[in-house]
Amino acid sequence: MSAFQQGMAPVRAMGDVDSDVEEEALVADYKEQVQYGEDDMAELDQQALAQAADDLQARLVQAAQPLDFQATLEAKFQSYDNYCSLFHYILNSEGPVELEPPSYYWAWDVIDEFIYQFNTFSTYRARIARQGNNEEEAQFLRDAPNTWGCYSVLNVLYSLIQKSQIIEQLGAMKRNEDPALVAGPYGTKNLYRMLGYFSIIGLLRVHCLLGDFSLALKTLDDIELNKKAMFARVMAAHFTTYYYVGFSYMMMRRYADALRMFSHILIYVSRTKNFQKNAQYDSIAKKNDQMLALIAICVAFHPTRLDDTIHTALREKFGDELLKLQRGGPESLPVYEELFKKACPKFISPVPPNFDVPESNIDPMDHHLSIFMEEVKTNMFSPIIRSYLRLYTTMDLKKLAGFLDVQPDELRAMLLVNKQRTKQVRWTEGGLLEGEWVNTSDLDYALQGDLIHISEAKMGRKLVDWYLRNLSRTYA
Amino acid sequence: MASTLSMNGEDPVERPDQIRAIIGGLERYNPQAAEVLEAYLAQQCEQKFCDCNANRALLKLYQLNPDRIKDEVVTNVLVKTMTQFPSPQFDLALHLLSPANAKPGPPGKPTSDLAEAVGKLRALNAHLESANYAQFWATLDNDTDDIYADLTTDIQGFEEIIRVRIAQLVSQSFREISVSVLESWLGLNSEEEVVNFVTETCGWKVEGGVVQIPKNAENEAKKTEIREDVNVDMFSRVIKRSWEETA
């Protein structure tokens, strides 16, 4: 890996004299949090020199700590170097390193923080280039195009996945075989197995941030999304996974699948709300709202019945917006834009910006939004069409065109668009990208010349759920 | 016709093992793989099939290595994905372009040739996605600078592929359609050409200026009732509990 400097010792942030003391406190604090047993420490001391082990453990803990929001550019560069040397040590030492991850959450926290810093760094660099008024920092960034480079970040994630043979292990687990048999010398170690596992989820996220939504979903081929999955034990990982999977589905126009993802996780969150600590809950609450906004978008594209809990939350949070989306027409466009901007990931460009021509650097979010809005515009009359068609069993096309005040040819196009979009790929089993083409609407129609034949699927009463709920209520 | 015309532009059966190995592994990040994928795209253009998945791997390499971008390859990928309408394929490809290449800037500002070309293709694709087929052909015909002719020249049988696809989509929504409407939608120049096309290519019948489209699952609009599937498993917990309590 080109970006990895050999034998780099971790250097502390400049001008931070007290950092040793602070770091000690931090480590102590963290140890207490995760109830680090004295026994484990004693064991570690035997494995290596006490000082070296302490230092390494401190580095492991440090790598999972969030960088200060207002960190200077130097600190961001420094942090990158620290990650490089840590990952270099983990990946390129002779044989697997004998370290235990400080906690179950540690591997997730490291990968999460690593990608978060990559994300914010790229955004920051693009902003400096776009604003073009900070020549000093621009020069600094121009001179180091590979710092937080996309290839290095991808390289780290892929290397961790390969070293840990996590893909092979997950495959074995899927076949109900012992994963240890295929784990290799690295993958049997907790440190590697967990870093490898969460790197897969990290890749999902990076691909999504770069706008490669199908590759994002492809990345999760070997992870089964269910409660037994390893990520489910780490709330933040669970949450992040479903957000990015749902978002990728939405961008692939698989609204039914997107809704399934968002609904699953939001229901789960609402059930576990009471056990979450405050700080964690704040960030979850924010993502929660984002997912509700995405649900509003998806349900406007693909009208369907939502779970009661979600429906209530959605009406509370985005009631007016949802109504406008469901009404359709040009008035709905700004609402789509607003919700998308609020809820999309912080997209980044994989290559350094052009510092010499500030105006040439378009915000990647605007780019992805403009593509998405194209599809919104294509569909904006569908709600109106549907609401009219529901009223009739047969209808003359010219008459309906008169009601809607459009030309017959325009109406034909709208009818085709609406009908074509009711067919969607929907997941049934296998990898996330798999699925079958299904008709997702209860409203169907066909044209015989200018005569529209309309049929609406009738919903039979759903009784099983009613019985089960009442049975458990009565006999509980 | 709908059933015989396979539409798997995402993972086609024609994909050779070499390409499968590239896009399925880390080789997809090797800048040298671009040449292989470019040659494969040329093959798709000639042999009238489409591998959107492999083409996205190529765009991804361009995304990561902008110095390798070949304008005509990017536009060829976009034109190929366009033939998959209606689908997210064109959009998925666009998402991988750099924002500066994805649309022309405001009037008066100089932008790259690629950005101009992509802007043109987006306009063309929008007609297909929004089922404004007549406008699609009008835009193609009204090509004073031969821009569209240049952009589509590498794609063998581009117009024919689009025409067949439109006919296929029509068959999924219509039982009967007038020859004159089809004439504008298929971009043909006379009723005679329409009659020839629908009888020879689609195997449909024409009676008195109306094209008769055979029944298929899509154009029937049958009335259905969605019933709940009830099986024993749904009650397994209740049954288990009552069994345990009585036992």
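This is a predicted model: local features need pLDDT of at least 70, side-chain atom pairs count only at pLDDT 80 or more; totals for chains, interfaces and linings use all residues.
By residue class, the contact of α18(A) with α20(A) comprises four nonpolar, two polar and two charged residues. Helix α18 spans residues 382-389 of chain A, and helix α20 spans residues 408-421 of chain A. Their axes lie 10 Å apart and cross at an angle of about 90°. Angles of 65 to 115 degrees count as roughly perpendicular. The two helices, α18(A) and α20(A), are therefore roughly perpendicular to each other.

Chain B is assigned two domains. Domain 1 covers 17-154, and domain 2 covers 172-220. The centres of domain 1 and domain 2 of chain B, taken over C-alpha atoms, are separated by 31 Å.

The contact between the chains involves 48 residues from chain A and 46 residues from chain B. On the side of chain B that touches chain A, several elements each supply at least two residues. The helices among them are α3 (52-64), α5 (89-95), α6 (99-102) and α7 (113-129). The strands are β1 (174-178) and β4 (225-226). Strand β1(B) gives the most to this side, with five residues. The side of chain B that touches chain A divides into 24 nonpolar, nine polar and 13 charged residues.

Strand pairing also links the two chains. Strand β4 of chain A, residues 443-448, pairs with β1(B) in the parallel sense. The pairing runs over two bridges. Within it, F174(B) in β1(B) stands opposite L447(A).

Note on methods:
Residues are numbered from 1 along each chain as its sequence is written. Chains are lettered from A and ligands numbered from 1 in the order in which they are written. Axes are lines fitted to C-alpha atoms, for helices over the stretch in contact, and angles run from 0 to 180 degrees between N-to-C directions. Helices (H or I, at least four residues) and strands (E, at least two) are DSSP runs, numbered from the N terminus. Angles under 35 degrees count as roughly parallel, over 145 as roughly antiparallel, 65 to 115 as roughly perpendicular and the rest as oblique. Ala, Val, Leu, Ile, Met, Phe, Trp, Tyr, Cys and Pro count as nonpolar, Asp, Glu, Lys and Arg as charged, and the others, Gly among them, as polar. Domain bounds come from an automatic or database domain assignment. Two residues are in contact if their C-beta atoms, placed from the backbone, lie within 7 Å. Two strands pair if DSSP finds at least two bridges between them.
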